[in-house]
Every structure is written in structure tokens, then in C-alpha cells.
Amino acid sequence: MFFILSKILAFLIAPYTWLFFGLIYLTKKLWRTSYKKWILGFTIFMYVISNSFIVDEVVRAWEYCDDDIYLKDTKYDLAIVLGGMGRIDERQERFDFNSSGDRLFQTLELYHKKRITKLLITGGSGSISKPHHREAEYIKKYLKNISIPDSSIIIENNSKNTYENAIFTKRILDSLHFNGSILLVTSSFHMKRSLAIFEKAGYKNVTPYVTNKITGLRKFEFDYCFIPNVEAVWSLNLILHEIVGYITYKAKGYL
């Protein structure tokens, strides 16, 4: 009983719930006015974009499937792990991982299973005001702190976007005369664009490996199918950003 009550309370105290109920109240108050169609349409729109089932179907159509590489025993000479995994904590001079940190954590598991020989972390600074905060350098520091030997780590710390991830990393690998097998690691929502960019940049023998998937098996539970959820809005925003990014990169000839 306590578990059920905690779920109900979590729903009731969520700010998005207040917004949604506020829209329902406005719809009722304005039902007999000329604003009826506008407020009703907006309420329906807000419901659709926060419906977990509907949004997951949109996300599922975009997310990349990597053919269950995790379950296989294939070994790779190098894993290229794309940046965008968190933010730099200036006070403590360390890296704080977000959900995309799964890119690194999944790769470390493969590394410890000896399925990967070396790690290449690519990512510079995403800040205009603090260009010296380079993500790859902080992640290298983290890796060394958890006893990953320096000989197993390569970093590319100048790139600011996925296109530069591919171009700058290739320059490093070409300078090392690398021609081994590559595991390209990034989030499932980001892989479609990333793989196309890396292939266009001239990478050979690259295998995609997706992490932090948004969707799972389809569910038909009541709250999942009918109760608004702000996390669905976040997921939809993420996918729309990726779709726009894909179209933009395609127009620029990056993929």
C-alpha cells in the first residue's frame, strides 16, 4: 500500500502535473468562449507529447539497434567513445557524469572483459567562455584514478561536435597508422547520425555499439499508456534535436 501511495504522491507533486491540470481547468472555464478550440488543442497537444507510450513509439523508430553486440564475444582493437557525457565540476575539479556516461561505463565493462584493447575518448570543450575545460582530459583523469593504465588511453580533446569528433579522431589514428577494428560507442539516440558521419569521414571496419537506450520492450500498463509524464517530453525533445541535427549535417555534407 505504501508503494502505491508513494507513486500517487510523486505524480501529484510533479510540476508538470500542476500544469496539465491547470490546462484542464482553463479548458473548462473557456469552453463557451472563442478561445475554446485553442485551449483544447493546446491541452491535447500537451497530453500527446507527455504520453510515454506515444513518445516511445516515436523514439523507437529513431533509436539505433546494434544487433546485440553486448551478448557476443567479438574483440576489438579500439573503442571510440563519443563525448557529451556530463559536465565539469569546477569546485572539485572533477567530471560529473549524466545519463550518457553509460557510454563510458558500458565500454569499461567490455575493456575489463578484454574485448577491447584500447580506449579513445573524443570531446573538447562545449563552452564558449571556458575553452580550457576539455571533457576528454577530465575523463582521462577519471580513468587513471580507477586504475586504467595510461597505455590503454588515447584522447582527442579539441572537437566541439560529432563531426569534429570523427575528423579530429581520424587524424590521430592516421598519425598512429592504426588500421585495426573499431567499436564506435555512443547513446542509442545519437548513433544514427554518428555512424553516418564516421563512415563519411572514411572510417573502415567500424562496428556501432549503443548505450543508454531510451526505450525497452513495449508495455501496456495503465500509467505508462495514459498518465502524462514529463520524462516523455524530455525524450521527445532529445529525439527532435537529433532529427534536426541529422538533417542539418546531411545538408552540410557531413553524412
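Helix H5 spans residues 102-112, and its buried residues are Asp102, Arg103, Leu104, Thr107, Leu108, Leu110 and Tyr111. Buried means under 20% relative accessible area, exposed means over 50%, and partly exposed lies in between (1.4 Å probe, protein chains only). Helices are DSSP runs of H or I with at least four residues, strands are runs of E with at least two, and both are numbered from the N terminus. Just after H5, Lys114 takes a positive phi of about 65 degrees.

This is a predicted model, in which local features need pLDDT of at least 70 and side-chain atom pairs count only at pLDDT 80 or more, while totals for chains, interfaces and linings use all residues. Residues are numbered from 1 along each chain as its sequence is written, and side-chain values use heavy atoms, with hydrogens and water left out.

Next comes a loop histidine. His133 sits between strand S4 (116-122) and helix H6 (135-145). His133 has 11% relative accessibility, so it counts as buried. Leaving aside residues up to four places away in sequence, His133 touches Ile88, Glu90, Gly124, Ser125 and Tyr138. Contact here means heavy atoms within 4.5 Å.

Now to the helix pairs. The axes of H4 (residues 52-62) and H10 (residues 230-252) come within 9 Å and cross at roughly 25 degrees. That angle makes H4 roughly parallel to H10. Angles under 35 degrees count as roughly parallel, over 145 as roughly antiparallel, 65 to 115 as roughly perpendicular, and the rest as oblique. Axes are lines fitted to C-alpha atoms, for helices over the stretch in contact, with angles from 0 to 180 degrees between N-to-C directions. H4 passes H10 in a left-handed crossing. From H4, the contact uses Ser52, Val55, Val58, Val59 and Trp62; H10 supplies Ala232, Ser235, Leu236, Ile239, Glu242, Ile243 and Tyr246. By class, this contact has 9 nonpolar, 2 polar and 1 charged residues. Ala, Val, Leu, Ile, Met, Phe, Trp, Tyr, Cys and Pro count as nonpolar, Asp, Glu, Lys and Arg as charged, and the others, Gly among them, as polar.

H7 (residues 162-175) and H8 (residues 188-200) form another pair, with axes that come within 9 Å and cross at roughly 35 degrees. Thr162, Tyr163, Asn165 and Ala166 of H7 meet His190, Arg193, Ser194, Ile197 and Phe198 of H8. The classes here are 4 nonpolar, 4 polar and 1 charged.

Last, the cysteines. The structure holds 0 disulfides, meaning pairs of cysteine sulfur atoms within 2.5 Å. Cys65 counts as exposed, at 59% relative accessibility, whereas Cys225 counts as buried, at 15%.

Terms used: Left-handed = near helix turned anticlockwise from the far one by under 90°.
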